[in-house]
Amino acid sequence: MGDRLFEKSWKALDRLRIELPSWGFANTGTRFGKFIQLAAANTIEEKFSDAAQVHQLTGACPTLALHVQWDLPGGTNDVAKVQGLSKKFGLRPGSINPNVFQNQEYKYGSIGNPDPAVRRKALDHILDCVKVADLLQSRDLSPWFADGSNYPGSQNIRKRIEFFEEGVQEIHRALKPGQRFLIEYKPFEPAFYHTDIADWGMAYLLAKKAGPQAFVLVDTGHHYQSQNIEQIVAWLVHNEMIGGFHFNDRRYADDDLTLGSIDPYQVFRIFHEIQMFEWERGRHADIAYMVDQSHNLKGKIESMIQTVCTAQELYARAALVDHEKLDRLQQSCSLVDAEETLRGAFWEDTRDLVREWRKSNGLPENPLAAFRQSGYLEKITAERRDKNMTASASYA
Ligand code: RM4
Ligand code: MN
Ligand code: MN
């Protein structure tokens, strides 16, 4: 790689920020049960502490996404506590995630529920979350709606669209200036016939209906097999409608595997679409790169470190694309040379570059090895062992 591209890639690393999810450090399950890890975090303090480890070792994760029901069960009453932890661990609160999918009343949906009382309850919770976000100076409100139905004819799809339209407008009215409302889509699960916000088009239309502070959130695992995700990203970025990502990888459905573990070229292509857009416009796209993974087999902190390192390596590779050259080749329809320009950058090994970047930023060259040497895992395993041993893994 030439000096110019090396520099471009270095600068890309300087600006890449990745938000970690608090729920990625806690015990979580599959639909069949939980696999308990002795080192898993049980409290919001432990989640901050674990996420701070990842940030200290990678230098790239200054914010922590919070799930209100799990992390601030008292809502606004828990804000002071979170502020204290933020200060103690040197991590800012990131996106605020309402929970309108877990409680019993949401069995038939939240803001798309035919029952006005349930819709009210869901909206009130989300409005509380807007306040929490405001008090914590978090910019992004990031609800995920599990709403949908399992059988044809069992729900009126169009009525539910109207409920959603009303709901997102009310949420938008409550936003403070500068806050953003990110609308996530997912094709199926938990609903298996229709999901109210099933794809980017539905999320886009709802965001437009909501107002100018609403954007689409792309969870990389929320697409059907073989869907062209980078094309979706290109459309969203072109229309300035992409608010953020939930990063994870998948082989079959919403598998929440480690980013790039199955298809690193997919991640590279997404980064490429964004960086090519940025080169054309001469400015950076305002996108929140967030992780949405919760590992129940691999160690939680180790897998987050892997994720961040993978994102850095692939982001650095996408920055190695010679945009001027690619643009020329695309315009002259030099198909093979254009493709080779893209593919060539993908096959560059950026691990040395990332290591050098870390060194010059006073970070460990190998964050995973540094984590293993730090003794942190042994310490938290000893501290949390008893509590986790008694945690319930069964649904019986
Ligand atoms: C969903 C979606 C949301 C996440 C929930 C728990 O599949 O990805 O972002 O909060 O899972
Ligand atoms: Mn998600
Ligand atoms: Mn998901």
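**Entry 1**

I started at His246, where an N or O atom of the side chain sits 3.3 Å from an oxygen atom of ligand 1. I keep in mind that this is a predicted model.

Next I looked up Lys186, and found one of its polar side-chain atoms 2.9 Å from an oxygen atom of ligand 1. Asp292 also has a polar side-chain atom facing a ligand oxygen, and there I read 2.8 Å. I then checked how much of the ligand is covered: ligand 1 by itself exposes 290 Å², and the protein buries 87% of that.

Which residues are around ligand 1? I listed His67, Trp144, Glu184, Lys186, Asp219, His222, His246, Asp254 and Asp292. Sorted by class, this shell has 5 charged residues, 3 polar ones and 1 nonpolar one.

**Entry 1: the nonpolar core**

I moved on to the largest nonpolar core, which has 104 residues. Which of its residues touch the most other members? They are Leu20 and Phe245.

I followed Leu20 and left out residues up to four places away in sequence. Its contacts include Phe25, Ala51, Val54, Cys61, Leu64 and Ala65.

I found Gln225 in the loop between strand 10 (214-219) and helix 8 (229-238).

Leaving out residues up to four places away in sequence, I saw Gln225 touch Arg250, Arg251 and Tyr252. For Arg250 I looked up the C-alpha atoms: Gln225 and Arg250 are 25 residues apart along the chain, and their C-alpha atoms are separated by 9.4 Å.

The side chain of Gln225 has polar contacts with two backbone oxygens. A polar atom of that side chain lies 2.9 Å from the backbone oxygen of Arg251. For the backbone oxygen of Tyr252, I noted 3.3 Å to a polar atom of the Gln225 side chain.

Ser226 has a positive phi of about 70° although it is not a glycine. I placed Ser226 in the loop between strand 10 and helix 8. Ser226 counts as exposed because its relative accessibility is 76%, and the cut-off is over 50%.

Asp256 is not a glycine either, yet I read a positive phi of about 55°. Asp256 lies in the loop between strand 11 (242-247) and helix 9 (264-281). Its relative accessibility is 21%, so I marked Asp256 as partly exposed.

Where is there a cis peptide bond? I found one joining Glu189 and Pro190, with omega about 10°. Pro190 is in the loop between strand 8 (180-184) and strand 9 (194-195).

**Entry 2: Ala391**

Last, I looked up Ala391, which lies in the segment after helix 15 (376-389). With 29% relative accessibility, Ala391 counts as partly exposed. I also checked Ala391 against Gln37: they are 354 residues apart in sequence, but 9.6 Å apart in space from C-alpha to C-alpha.

Note on methods
Residues numbered from 1 in each chain as written. Chains lettered and ligands numbered in written order. Predicted model: local features only at pLDDT ≥ 70, side-chain atom pairs only at ≥ 80, totals over all residues. Heavy atoms only, no water. Near = heavy atom within 4 Å. Polar contact = N/O pair within 3.5 Å; in protein donor to acceptor, adjacent residues only side chain to side chain. Areas by Shrake-Rupley, 256 points an atom, 1.4 Å probe, with all protein chains shown as cover. Nonpolar A, V, L, I, M, F, W, Y, C, P; charged D, E, K, R; others polar. Core = buried A, V, L, I, M, F, W, Y, C linked by side-chain atoms within 4.5 Å. Buried < 20%, exposed > 50% of the residue type's maximum accessible area, 1.4 Å probe, protein only. Contact = heavy atoms within 4.5 Å. Helix = DSSP H or I, 4+ residues; strand = E, 2+ residues; numbered from the N terminus.
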